[in-house]
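Here are a few friendly notes to read alongside the model. Please keep the structure open while you go through them.

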Amino acid sequence: PYNRYLLKLYSAMLGEDICNFRGVAFKKRVFDKTANQFKLNLYPISFRHDDDELWEKSFYEKTGLPTKSMYRAWCQQHRFQEIKEWVHNNSPKLIVGTGFSYWKEFIMAFEGVERIFDSEEIHEEEPVRETSARKLIWLSINNGKTLLVITPFLGGRYGLSSDVLLEAFGKAIWKICESQLEAGDIRKLVGDSAV
């Protein structure tokens, strides 16, 4: 389901009918090895839920870390620095983080700890005010070369799971891109080659 929601959000960003998300994915070669999109987890061990109790002995045996909170701290200290270097070395035009409760971690991973305190540079929007209290935040990172947009998680009770919400948030992300990116950067996002 997550990938389906992601492709619908992406389709809406491109101004495409979200019901045609499969066609958009095929046309744009989404996540193909030649594509310009990339999908990753901040914390590479994936869990169905976020609870600390999900840390099992097998994870300890693989990582040497006895608790999930220690694992997250290790990722924040080591993996986030690596992710930040990827951003600075490759200068992606747009990064979309999904999971609003992790907004500080997204900023730390893609830009650095100091930026979570730049409240005047972190912008907040509510794409669907009438029917949803869900919001997104965005900021310019990587010395203005990259936009970081953080949305609610894709799916779930409090996330983006309806077509109405996915379309509204996709369109909102695109408006942010239009207002913040240069024309050449936007062409890279929507051109014949994938984003």
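Which residues in α4 meet which residues in α5? Keep that in mind for point 2.

1. First, some ground rules. This is a predicted model, in which local features need pLDDT of at least 70 and side-chain atom pairs count only at pLDDT 80 or more, while totals for chains, interfaces and linings use all residues. Residues are numbered from 1 along each chain as its sequence is written, and side-chain values use heavy atoms, with hydrogens and water left out.

2. Now the helix pair. Q76, F80, I83, K84, V87 and H88 in α4 meet E105, M108, A109 and F110 in α5 (contact means heavy atoms within 4.5 Å; helices are DSSP runs of H or I with at least four residues, strands are runs of E with at least two, and both are numbered from the N terminus). The residues of this contact divide into 6 nonpolar, 2 polar and 2 charged (Ala, Val, Leu, Ile, Met, Phe, Trp, Tyr, Cys and Pro count as nonpolar, Asp, Glu, Lys and Arg as charged, and the others, Gly among them, as polar).

3. How do these helices cross? Helix α4 covers residues 68-90 and helix α5 residues 103-110; they pack at about 60 degrees, with axes 6 Å apart (axes are lines fitted to C-alpha atoms, for helices over the stretch in contact, and angles run from 0 to 180 degrees between N-to-C directions). That makes α4 oblique to α5 (under 35 degrees is roughly parallel, over 145 roughly antiparallel, 65 to 115 roughly perpendicular, and the rest oblique).

4. Look next at E111, in the loop between α5 and β2 (123-125). E111 counts as buried because its relative accessibility is 10% (buried means under 20% relative accessible area, exposed over 50%, partly exposed in between, with a 1.4 Å probe and protein chains only). Leaving aside neighbours within four places in sequence, E111 is in contact with K84, H88, I141 and N142. A polar atom of the E111 side chain lies 2.9 Å from the backbone nitrogen of N142.

5. G99 sits in the loop between β1 (94-98) and α5. With a relative accessible area of 5%, G99 is buried.

6. Not counting residues up to four places away in sequence, K8 touches I18, F21, D163 and L166.

Key
Polar contact = N/O pair within 3.5 Å; in protein donor to acceptor, adjacent residues only side chain to side chain.
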